Amino acid sequence: MTRAPQNLLDVRRLLLTHLNVDDARSRDADLEPAEVGIVGDPAHRGGYHCGSDRVVSGDYSVLESDRDRNGLSAYASALDVGWFKVGVGSRTYDLRHFSGWCVAACAAGAPDARDIREIIYSPDGKTVRRWDRLGRRSSGDTSHLWHTHFSFFRDATKAGRDLTPLFRRYLTTIGLIAAPKPPAPAKPVTPEVPDMQLTDKIGSPDSPNRTVGDVLRDLSDLRNYLIGPLMAGRSGAPMAGSPLLMLTTMAQAWPAFAARDFTDEQAIVAGVLAGIDPATLAQRIVEAMPAEQARRFADELARRLAD
């Protein structure tokens with residue numbers, strides 16, 4: 001038994017929702033439910049208003065396109081739209097404007113019109129014309145002077161493809177419905193970084209049990225060495241040959257240099273620097289720390305120098 005597919009029922013509902021409005025805009029002629037048909041009456045045989053139980057021998061709605069042959073089902077695949085006239089602002093739109101707009105969209109190859117096989121319509125209420133995607137026919141019977149017929153390729157109705165976009169675009173174009181708002185831009189996603197606990201292990205192969213707390217404690221000690229009085233609050237002395245001992249020795253020797261009256265400052269600086277190999281000093285400092293601690297030390301030192 002021939003049935004109306006849901007995708008054509010959706011088109012019918014869309015048109016009736018916006019063109020069957022009893023108000024000042026449309027008092028001339030609303031589009032009534034009886035004027036929007038999908039399934040042909042019981043006497044109807046052959047054509048797109050019929051499903052597989054009503055097709056006839058040589059039926060053009062099946063044989064002229066692979067899309068129709070492969071899409072034949074119990075669904076009707078046509079829609080009739082009756083007369084209407086609506087006012088939008090200072091302008092008036094009617095069935096003839098609607099039909100001509102849809103034909104122009106089909107002829108232009110609009111993506112939302114590609115499932116329409118043909119439109120039979122009247123541009124002036126006097127002549128009947130047919131736009132046929134396959135170029136087989138150019139006219140129709142006189143009943144199309146007061147209604148417009150849309151045939152849809154049967155594979156589209158069988159597949160349940162959404163057929164409303166073309167008709168929704170028309171209603172949007174004439175101002176009966178608002179254009180859809182563009183989607184809001186997606187917010188950038190910031191990856192979550194899990195909080196680290198003091199007991200979390202971040203050890204290296206040579207110190208597998210080293211924890212976050214150990215690193216922070218070492219950094220705190222290093223900070224104290226850098227900004228506090230030398231060896232303040234520490235029980236142990238720097239080891240022989242360590243970078244800290246070298247720095248301490250330099251600091252202790254400096255007052256003697258500063259108290260003397262030197263006339264050749266450049267010679268003084270050269271003399272001090274001659275006893276220090278900067279590359280060796282930097283290498284020893286780095287080698288004395290794990291890689292991560294060395295990086296953080298450099299960051300902290302750079303920050304403090306900037307202050």
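The model is predicted, and its protein chain holds eleven helices and seven strands. Of the 307 residues in the protein chain, 34% count as buried, and among contacts with a separation of 6 or more, 60% are between residues 24 or more positions apart.

**The sheet**

- Five strands form an open sheet in the order β1-β2-β7-β5-β6, and the pairing is antiparallel. The edges are taken by β1 and β6 (129-132), each of which has a single partner strand, so one side of each is left without a neighbour in the sheet.
- Strand β1 (residues 36-37) is joined to β2 by two bridges in the antiparallel sense, and V36 has V81 as its bridge partner in β2.
- On the other pairing of β2, five bridges connect it with strand β7 (residues 147-152), again antiparallel, and here L79 has F150 as its bridge partner in β7.
- Four bridges hold the antiparallel pair of β5 and β6, in which the bridge partner of E118 is D132 of β6.

- The largest nonpolar core has 40 residues, of which L79, V81, F98, F150 and F167 touch the most other members. Two or more residues come from each of α1 (6-19), β2, β3 (85-88), α4 (95-107), β5 (116-121), β7 and α6 (165-173), and α4 gives the most, with seven residues.
- Leaving out residues up to four places away in sequence, V81 touches L15, L31, E35, L95, F98, H147, T148 and F150.

- D80, which lies in strand β2, is buried yet has no salt bridge, and the nearest side chain of opposite charge, that of R12, is 10 Å away.
- The side chain of D80 does make a polar contact with the side chain of H149, at 3.1 Å.
- Apart from neighbours within four places in sequence, D80 is in contact with E35, V36, G37, H49, H147, T148 and H149.

**Salt bridges**

- The whole structure contains twelve salt bridges, and a network of them links E64, R117, D132, R136 and R137.
- Within that network, the side chains of R136 and E64 meet at 3.5 Å, N to O. This pair links distant parts of the chain, with R136 in the loop between β6 and β7 and E64 in the loop between α2 (60-63) and α3 (66-71), 72 residues apart. E64 counts as buried because its relative accessibility is 18%, which falls under the 20% cut-off.
- R161 forms a salt bridge with D115, with the closest N and O atoms 3.1 Å apart. Because R161 lies in the loop between α5 (154-159) and α6 and D115 in the loop between α4 and β5, the pair ties together parts that are 46 residues apart in sequence. R161 is partly exposed at 34% relative accessibility, whereas D115 is buried, with a relative accessible area of 15%.
- R69 and D66 form a salt bridge through their side chains at 2.0 Å, N to O; both residues lie in helix α3, three residues apart, or about one turn of the helix. R69 counts as partly exposed at 38% relative accessibility, and D66 likewise counts as partly exposed at 46%.

Note on methods
Residues are numbered from 1 along each chain as its sequence is written. This is a predicted model: local features need pLDDT of at least 70, side-chain atom pairs count only at pLDDT 80 or more; totals for chains, interfaces and linings use all residues. Side-chain values use heavy atoms; hydrogens and water are left out. Two strands pair if DSSP finds at least two bridges between them. A nonpolar core is a set of buried Ala, Val, Leu, Ile, Met, Phe, Trp, Tyr and Cys residues joined through side-chain atoms within 4.5 Å. Buried means under 20% relative accessible area, exposed over 50%, partly exposed in between (1.4 Å probe, protein chains only). Contact means heavy atoms within 4.5 Å. Lys and Arg count as positive and Asp and Glu as negative; His and the chain ends are not counted. A salt bridge is a side-chain nitrogen of Lys or Arg within 4 Å of a carboxyl oxygen of Asp or Glu. A polar contact is a pair of N or O atoms within 3.5 Å; within protein, one must be able to donate a hydrogen and the other to accept it, and residues adjacent in sequence count only if both atoms are side-chain atoms.
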